[in-house]
Amino acid sequence: MKGPGARRLPLLCFVGALVASCAPAPAPSLLPPDWGNWEKTTDLVLNYPIPGHEDRLRVPRMNQVGFDYLARRGRGAGTWDYPAGTVIAKAVYASKAPAKGEGPVQVTAMIKAPSDARARGGWLWVARDLASGKEMVFTGEFCFTCHENANESHPYADKNPRGEYRDYVFILPGAGPEPAGKEAGGADSAAGEAEEYGSKP
Amino acid sequence: MGIALKVDLIIIAGLALGFGIVFAVFVSALVSTRALLTTASLEAQAGVMYEAIKNFMLPGEAPIAVKFLSDLETRRPDDNIMLWRRFGVAAFSDNETIRRVNANLGKKRFELPAEPRTAAAASRPPGFDPAVANPPSEVAFREESGGRVFFRIYRPLINLPKCTGCHGSDHTIRGVIDLRSDITAVERVERLTLYGGGGGFVAAVSLLALALGSFLRRVVILPVKAIGRLCGEVAGGRFEGRVDIRGGDEIGELGATVNDMVRGLHERSELTKYVSTGTLSALSGGQESRRVDLTVLFSDVRGFTAYSADRDPELVVGVLNRLLETQTALIGAEGGDVDKFVGDEIVAIFAGEGAALRACRAGLALRARVEEAGTEFDGLRIGVGIATGPVIQGMVGSAKRADFTVIGDTANMGSRLCALAKSGQIVVSEGTRNAAPDFDFRGPFAAKIKGKTEPQRVWLLEGGMKP
């Protein structure tokens, strides 16, 4: 390139670099990158319809902080209070019965961070679109108001018949299959079915 | 652009900027506060509505919710409260939900009303979609309808797990609480405040600009202009004017100083009528005596004693003054300095480059002017003597009265030559003739000069420079 354009190129590059350097850095992801390698919290096949997630297959996993707490506490009755740092990541698939090897399209996560100003009920309610990588924190009622029902009798898994405080988590870690016939496509499916689906983004 | 206009513009710009920022902040705060209050109020109402409906519905008391909304609609029609199903149909407007609930529960939990209801045609409210999306968003916006202005929010009602027993799990949003607040009056007050404030702002800026401009004009601009006018008059040779600036501030002091200065200049100007320029220069530049080469010119009226003896004194002084005035001007025109008047005699000094030449030109001009005057000087004639050579220049006189004048042989020679000159003659010394040889001289003549033992060679200056 010759002429004024060639002379301006370095200037344009400099200005472009300057503008790029001034752009706000993307916020760091709240969800740890290895979430797909965590242990699942249940062998239940969660593909029955529920508000918010509809009838798409959901596979919840929990990090070691949560499982350490589980090891300390045990599965007995009583109040649950996950320690700060616990992360429960729920892989959400595009359909109720995804094809073999098909990955999830979204992760919704509960991150225990009581000191975070965005937390509701001590948890950060996060959703990450795996196609775009876009992550958002729900600070309104949407996630929180549903999961609030986990702390009283509800229709899922063991149904929390005694209304124990479950720290906003519906499915207790290690929960077995639901009673037969509870929800369409739910308990009748073989335990461990979700294992066949890929979880990594 | 005059200083007055500049000052006015600066004042207006300063006031507009200062008050403008305050006014803009005020208006912005007013509008945003109103918007925040309206939003907060509607959000609080929506929250109350949400909890009320939730707590009516969860125990299965849907009829209470129906009655609650019906009462709101009939008793508080201005509250603009609505509950929509997620499809944009007014809630409880038909029996569809009752049928669905009964079907989901597998029993007739709710009786159908005796009078069947038919839902009005779905009239999906504007901007409804985000409120029923998954995930939903609370929507708040301003709208105009029927000549009124409303602030409106949609609050999604979520299909909670506990609701699914009756309503099913196949949807996330049960419905939307719709609250409208009529803010027509509030916006009118806002507009009035804005216009009133804006008008007040413009008026305040204008009045302050006028007041400050007037004050500055009176205190600064007009005095400066007056001083400028006075300086112009002084430059034109008029010293009678004074500036009328009162007050003990800096401008007042400046005015007093200028008046003192003009008074001094006036006195100095007046002094030049009585004191030679050389004396004035000596006063300002040093009074040391010195020996210098220059040309002296003496001009004396012939027969003046006899003339003045039998004439009215006023006539005599008038004619003499006219004659001296005329000669002074002609001498000045050639760069000469009138050293003194001695009765009817003028003593003038020419110094510097071409002094003798200029003195000769002045002598010729004096003679020509007087001879051509006719009766202007009442027939009086003059004789002129010019001598060139070294003189002693210095302050001569007493401590109380002295002149910066010339003394010495050349000065005496000039005086004697003037005495020798008959009416209309210009007698010059040998030194003058040698310094201005191109003039038309006649001579030399041997003249007996008082104080000189030998006769002196003198010349008669006849005319201008030879061609």
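What percentage of the 201 residues of chain A count as buried? The answer is 29%, where a residue is buried if 20 or more other C-beta atoms lie within 10 Å of its own, exposed if 12 or fewer, and partly exposed in between, with C-beta atoms placed from the backbone.

Hi everyone, a quick word on what we have here. This is a predicted model, in which local features need pLDDT of at least 70 and side-chain atom pairs count only at pLDDT 80 or more, while totals for chains, interfaces and linings use all residues. Residues are numbered from 1 along each chain as its sequence is written, and chains are lettered from A and ligands numbered from 1 in the order in which they are written.

Let's start with chain A. It has three helices and six strands; these are DSSP runs numbered from the N terminus, with helices being H or I of at least four residues and strands being E of at least two.

The six strands make an open, antiparallel sheet in the order β1-β2-β3-β4-β5-β6. Two strands pair if DSSP finds at least two bridges between them. At the edges stand β1 (39-40) and β6 (135-138) of chain A, each with a single partner strand, so one side of each has no neighbour in the sheet.

Now look at β4 of chain A, residues 106-112, which is joined to β3 (residues 87-92) of chain A by six bridges. Here A:Val92 stands opposite A:Gln106, and A:Lys90 has A:Thr108 as its bridge partner. Towards β5 (residues 123-129) of chain A, β4(A) has seven bridges, and that pair runs antiparallel. How many of the seven residues of β4(A) are buried? Six are, so to speak, under cover.

Neighbours within four places in sequence aside, its contacts are A:Leu30, A:Val87, A:Trp123, A:Leu124 and A:Val126, a contact being two residues whose C-beta atoms, placed from the backbone, lie within 7 Å. A:Ile111 also belongs to the largest nonpolar core, which has 52 residues, and is among the members that touch the most others, along with A:Ile88, A:Ala89, A:Ala109, A:Met110, B:Val176 and B:Ile177. A nonpolar core is a set of buried Ala, Val, Leu, Ile, Met, Phe, Trp, Tyr and Cys residues joined through C-beta atoms within 7 Å. The element that gives the most to this core is β3(A), with five residues. A second, separate core has 47 residues, including B:Phe298 and B:Phe439.

Where do the two chains meet? On one side are 15 residues of chain B, on the other 14 of chain A. The chain B side divides into five nonpolar, seven polar and three charged residues; Ala, Val, Leu, Ile, Met, Phe, Trp, Tyr, Cys and Pro count as nonpolar, Asp, Glu, Lys and Arg as charged, and the others, Gly among them, as polar.

Last stop: two helices of chain B. Helix α6 (residues 184-235) and helix α7 (residues 250-271) pack at about 10°, with axes 11 Å apart. That makes α6(B) roughly parallel to α7(B), the label for angles under 35 degrees. Residues making the contact include B:Val219 and B:Leu230 of α6(B), and B:Gly255 and B:Val262 of α7(B). In that contact, 10 residues are nonpolar, one is polar and none is charged.

Conventions:
Axes fitted to C-alpha atoms, helices over the stretch in contact; angles between N-to-C directions. Parallel < 35°, antiparallel > 145°, perpendicular 65-115°, else oblique.
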